[in-house]
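My notes follow the structure.

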Amino acid sequence: MVPKPFHDRDGDIWYNGVFVPWREANLHVLSHGLHYASCVFEGIRVYNGSVYALTEHSARLVQSAELMGFTLPYGVGELDAATQATVARQGIRDGYVRPVAWRGSEMMGVSAQQNAIHVAIAVWEWPSYFSPEARMAGIRLQTATWRRPSPECAPTQAKAAGLYMICTLSKHAAEAAGCHDALMLDYRGLIAEATGANVFLVIDGKLHTPIPDCFLDGITRRSIINLAKRRGLEVIERAIPPDDLRLADEVFLTGSAAEVTPVGQIDALHFTPGQISRTLMEDYDALVRNVPSQAAA
Ligand SMILES: Cc1ncc(COP(=O)(O)O)c(C=O)c1O
């Protein structure tokens, strides 16, 4: 079934401080954000009507814009309030929030000092990124041919639209090969992340995850590191060459959309999602829903 397109839905979108009907939340085709990728965004989950880690996401949106050389006309508190108001207005219990900010159409060229900064927040019903069956089996990844750029080549700490160009190419290639997602290496050939999620390896009962020096230090990644430490697990952040995948007993992805998603295969290597992935999946689920964990203590 083809899902209902995103431009043709009911409800309202918060747009530059006011609610506008969903189908009228448009921008001009000569917007700088569209032509030159001067656009930043967030992806946030709503669980039981409550927005998880809202202020961290609002702060990252503000910071991403600063890294792209523009200042949002709204502060973190105003973005938090606007998000809460949009979730309430749409009556969403379990969903996804997409705040987005972009440069408008006052100047159309590489320079854009005079362009107005626009901000919109849309919220929709969205239970799970990967289906529960795929999650239990572990998803399949294909190593991408594109690599995450060095911090000298792009503002890699920004959640900026331009950085997703190679993610879409990589995800399309992976899906064409029958996989769910791509594993991206960085400019040095080290393991970086998936196209929209961070990655963890379990080696001899310890968590290993790449140092986020050229990709997003995900809010979920940080939550998982805290949950793992609370379980007494050692967490090692280090440079991880792809050969180390051979040492891994379990591999999983983390992200606001992906939550904790076990990986069953990367190229020719197979992994069996195990107890550590399951425990952290359940602990994360309990954290975001603010309920006790189902995982064994
Ligand atoms: C490229 C990329 N890496 C990592 C993440 C994970 O970040 P977070 O856990 O803050 O959602 C995301 C999701 O936003 C992403 O798009």
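For the class counts below I take Ala, Val, Leu, Ile, Met, Phe, Trp, Tyr, Cys and Pro as nonpolar, Asp, Glu, Lys and Arg as charged, and the others, Gly among them, as polar. The model is predicted.

Ligand shell. I looked up the residues around the ligand and found 14, of which Gly218, Ile219, Thr220, Gly255 and Ser256 come nearest. Two or more residues of this shell come from helix H6 (219-230) and from strand S14 (250-255). H6 gives the most, with three residues. By class, I noted eight polar, four nonpolar and two charged residues in the shell.

I then checked how helix H2 (residues 54-67) lies against helix H3 (residues 76-90). On the H2 side the contact is made by Leu54, Thr55, Ser58, Ala59, Leu61 and Val62, and on the H3 side by Val76, Leu79, Asp80 and Thr83. I sorted this contact into six nonpolar, three polar and one charged residues.

Proline 273. I located proline 273 in the loop between strand S16 (269-270) and helix H7 (275-289). Is proline 273 buried or exposed? I counted it as buried because it has 23 C-beta neighbours inside 10 Å, and the cut-off for buried is 20 or more. Leaving out residues up to four places away in sequence, I listed Gly138, Glu250, Pro262, Gly264 and Arg278 as touching proline 273. Valine 263 is 10 residues from proline 273 in sequence, and their C-alpha atoms are 6.7 Å apart in space.

Conventions. Residues are numbered from 1 along each chain as its sequence is written. This is a predicted model: local features need pLDDT of at least 70, side-chain atom pairs count only at pLDDT 80 or more; totals for chains, interfaces and linings use all residues. A residue is near a molecule or strand if its C-beta atom, placed from the backbone, lies within 6 Å of it. Helices (H or I, at least four residues) and strands (E, at least two) are DSSP runs, numbered from the N terminus. Two residues are in contact if their C-beta atoms, placed from the backbone, lie within 7 Å. A residue is buried if 20 or more other C-beta atoms lie within 10 Å of its own, exposed if 12 or fewer, and partly exposed in between; C-beta atoms are placed from the backbone.
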